[in-house]
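Dear colleague,

I am passing on the structure we spoke about, and below it you will find a short account of what came out of the analysis. Please read the two side by side.

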Amino acid sequence: ADVASLDALLSRRGWEPAWSFGLFRAERLAGLWLTGREDRREEAYCIMTGIVPGARGRGGVDAMFARVLAATSPRPHRLEVIRGNERASRAYQRLGFRATRVLHYYQLTRARAVLGEPAWPAVAEPWRPAALPPESWLAYPAAWQNRREAQRRARQHPVWLVVREGVVMRGSAVLFAESGDLAEIAVHPAARGRGIGRALLAAALRHAAPGRVVLTTVDAQ
């Protein structure tokens, strides 16, 4: 990723420099642990961690996490691990992390989308975080990077797509158009199964600059 993309990622995930640490060997950076902060829920989040191959297997991850814990006090820590990365899974389990949910990644390109003609008009409205539908409209709690708090922290405002029946909101989607990242899609529980989600996806594809949308943290359930 380029510097701008990295800056956007760190901002949205709530990077806290005081809770982040580097591992040094012979005065050279050999590893890092970057931590995000969310005070409303009293949680911390591992944005990214890594150690150069030549410094692995020497307790570096343990040493960095010990510093993170000392800085963050006893609050819950969260992170995600890509399935198949057994080395990382073992390391985090050794530190006390336990799997609590499985998240899936989806990508939909404009060229391959089979959505038909949406039955509902989905329009872009001015981004107003306070006007978003209640979080009870979400089928499952959002992962850290897509929470409402993370949406507000983003450097650039997302596109807010809304479906209304008359003046009543029935569904909405939050899209970071430059990257195509669909952070949230929500439909009123009583209005599901009527094509509103499909209309929101179609609108997101129209607004997404890369010609595709990605949903990075869909609960497997």
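The side chains of Asn-146 and Thr-217 are joined by a polar contact of 2.7 Å, a value that, like everything below, was computed from a predicted model. Asn-146 itself sits in the loop that runs between strand E6 (122-125) and helix H4 (148-153), and because its relative accessibility is 4%, below the 20% cut-off, this residue counts as buried. Once its neighbours within four places in sequence are left aside, Asn-146 is in contact with Arg-12, Gln-151, Asp-181, Ala-183, Thr-216 and Thr-217.

At least two lining residues come from each of strand E9 (181-187), helix H5 (196-207) and strand E10 (212-219), and E9 gives the most, with 6 residues. By type, the lining of this second largest pocket divides into 17 nonpolar, 6 polar and 5 charged residues.

There is also an open sheet of 4 strands, arranged in the order E1-E2-E3-E4 with mixed pairing, in which strand E1 (21-25) and strand E4 (77-78) are the edge strands, each pairing on one side only. Strand E3 (residues 43-51) pairs with E4 in the parallel sense over 2 bridges, and the bridge partner of Ala-44 in E4 is His-77.

With best wishes

How values were computed: Residues are numbered from 1 along each chain as its sequence is written. This is a predicted model: local features need pLDDT of at least 70, side-chain atom pairs count only at pLDDT 80 or more; totals for chains, interfaces and linings use all residues. Side-chain values use heavy atoms; hydrogens and water are left out. Ala, Val, Leu, Ile, Met, Phe, Trp, Tyr, Cys and Pro count as nonpolar, Asp, Glu, Lys and Arg as charged, and the others, Gly among them, as polar. Buried means under 20% relative accessible area, exposed over 50%, partly exposed in between (1.4 Å probe, protein chains only). A polar contact is a pair of N or O atoms within 3.5 Å; within protein, one must be able to donate a hydrogen and the other to accept it, and residues adjacent in sequence count only if both atoms are side-chain atoms. Contact means heavy atoms within 4.5 Å. Two strands pair if DSSP finds at least two bridges between them.
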